[in-house]
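Student: I have a model open and would like to go through it with you. Can we start once it is on the screen?

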Amino acid sequence: MIISAQQRLLTLSCGSQINVNPTPLRRDDINSPWCYTFSVSPVIIDDDVRSSSLPPRANFLATQVWPSSRIASTIIEQYLDPSWKVCELGCGPGLPSLTAAMKGSEVIATDLDECALEMVLAAAREQGFLVDQRFQTQQFDLTSRQNVLPDADLYVMSDVFESSNVAESAAYHVQSILSKNSNSQSKRRVWVFAQSDRAQRETFLDVMREAYDETLEWSLNQNPD
């Protein structure tokens with residue numbers, strides 16, 4: 001539950017303060033899962049107007065909730081088995097991860113952007129998800145094919161295809177995840193969400209077609225089964 005929907009200042013580990021808004025999955029439901037998003041609007045504290053900017057190297061895109069992230073969160077809310085351990089790749093502000101945590105799953109939210117990860121951790125802390133280390137964040141470069149993915153039952157990606165490099169690397173990691181199913185009793189799943197106007201999502205699909213099935217297509221069916 002959102003304690004207050006009012007814009008506030010969030011202090012980062014580097015000492016910088018940024019303006020953030022608590023952003024719920026459903027705008028008319030304060031009891032729904034929520035995350036922090038960066039706000040360019042100044043915040044007023046005790047009649048003091050304070051503006052902020054993101055730290056150097058922070059990615060603005062990684063601090064916002066995009067439409068596919070909301071869809072991913074809704075699907076997680078409806079279909080996630082709480083016994084699954086969830087790993088979100090390129091989590092940004094982490095709405096899908098926080099939704100999975102509210103469902104009761106163990107979660108690892110990953111992103112390259114340290115500022116985004118701090119926003120996710122702060123929102124998780126306020127919602128009481130840090131008990132027993134069931135919610136963790138981890139810096140992970142999706143474009144690196146040398147990095148080893150955290151172990152999980154379900155991997156989630158939403159709106160990560162910012163470039164062809166990211167799309168191709170994401171496909172590589174998906175193939176790596178799915179290849180483990182042939183040698184394991186546990187089944188690993190990957191749920192990928194992308195807006196139709198994301199040009200690089202076709203790059204991702206082309207790589208996946210080469211590895212699996214030339215008839216693969218994006219689906220509007222929101223039932224992951």
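Tutor: We will go through the sheet, then the aromatic rings, then the cysteines. Please keep in mind throughout that this is a predicted model.

Student: OK, in what order do the five strands of the open sheet come?

Tutor: The order is β8-β7-β6-β9-β10, and the pairing is parallel. The edges are taken by β8 (135–139) and β10 (189–193), and because each has a single partner strand, one side of each is left without a neighbour in the sheet. Neighbouring strands are turned by 20° against each other on average, if direction is ignored.

Student: How many bridges join β6 to β7?

Tutor: Three bridges join β6, residues 86–89, to β7, residues 107–111, and within this pair V86 stands opposite V107.

Student: And which strands does helix α2 touch?

Tutor: Helix α2, residues 95–103, packs on the sheet and touches β6, β7, β8 and β9, with its direction making about 175° with that of β7. Helix α1, for its part, lies across β9 (154–158) and β10, running at about 145° to β10.

Student: Switching to the rings: how many aromatic pairs are there?

Tutor: The count comes to seven aromatic pairs. One of them is F38 with F60, whose ring centres are 6.3 Å apart and whose planes stand at 85°, so this pair is edge-to-face, the cut-off being over 60 degrees.

Student: Where do F38 and F60 sit in the chain?

Tutor: F38 belongs to strand β3 (residues 34–38), whereas F60 lies in the loop between β5 (48–50) and α1 (67–79), so that the pair links distant parts of the chain, 22 residues apart.

Student: Is F38 buried or exposed?

Tutor: F38 counts as buried, because its relative accessibility is 7%, while F60 counts as partly exposed at 37%.

Student: What else involves rings?

Tutor: Ring pairs link F161, F204 and W218 into a cluster, and, as a separate feature, the charged end of R198 sits over the ring of W66, 5.6 Å from its centre.

Student: Last topic: how many disulfides does the search find?

Tutor: The search of the whole structure finds zero disulfides. For C14, the nearest cysteine sulfur is that of C115, 7.5 Å away.

Definitions and conventions:
Residues are numbered from 1 along each chain as its sequence is written. This is a predicted model: local features need pLDDT of at least 70, side-chain atom pairs count only at pLDDT 80 or more; totals for chains, interfaces and linings use all residues. Side-chain values use heavy atoms; hydrogens and water are left out. Rings of Phe, Tyr and Trp (its six-membered ring) pair if their centres lie within 6.5 Å; planes under 30 degrees apart count as stacked, over 60 as edge-to-face and the rest as tilted. Helices (H or I, at least four residues) and strands (E, at least two) are DSSP runs, numbered from the N terminus. Buried means under 20% relative accessible area, exposed over 50%, partly exposed in between (1.4 Å probe, protein chains only). A charge sits over a ring if NZ of Lys or CZ of Arg is within 6 Å of the ring centre and within 35 degrees of the ring normal. A disulfide is a pair of cysteine sulfur atoms within 2.5 Å. Two strands pair if DSSP finds at least two bridges between them. Axes are lines fitted to C-alpha atoms, for helices over the stretch in contact, and angles run from 0 to 180 degrees between N-to-C directions. Contact means heavy atoms within 4.5 Å.
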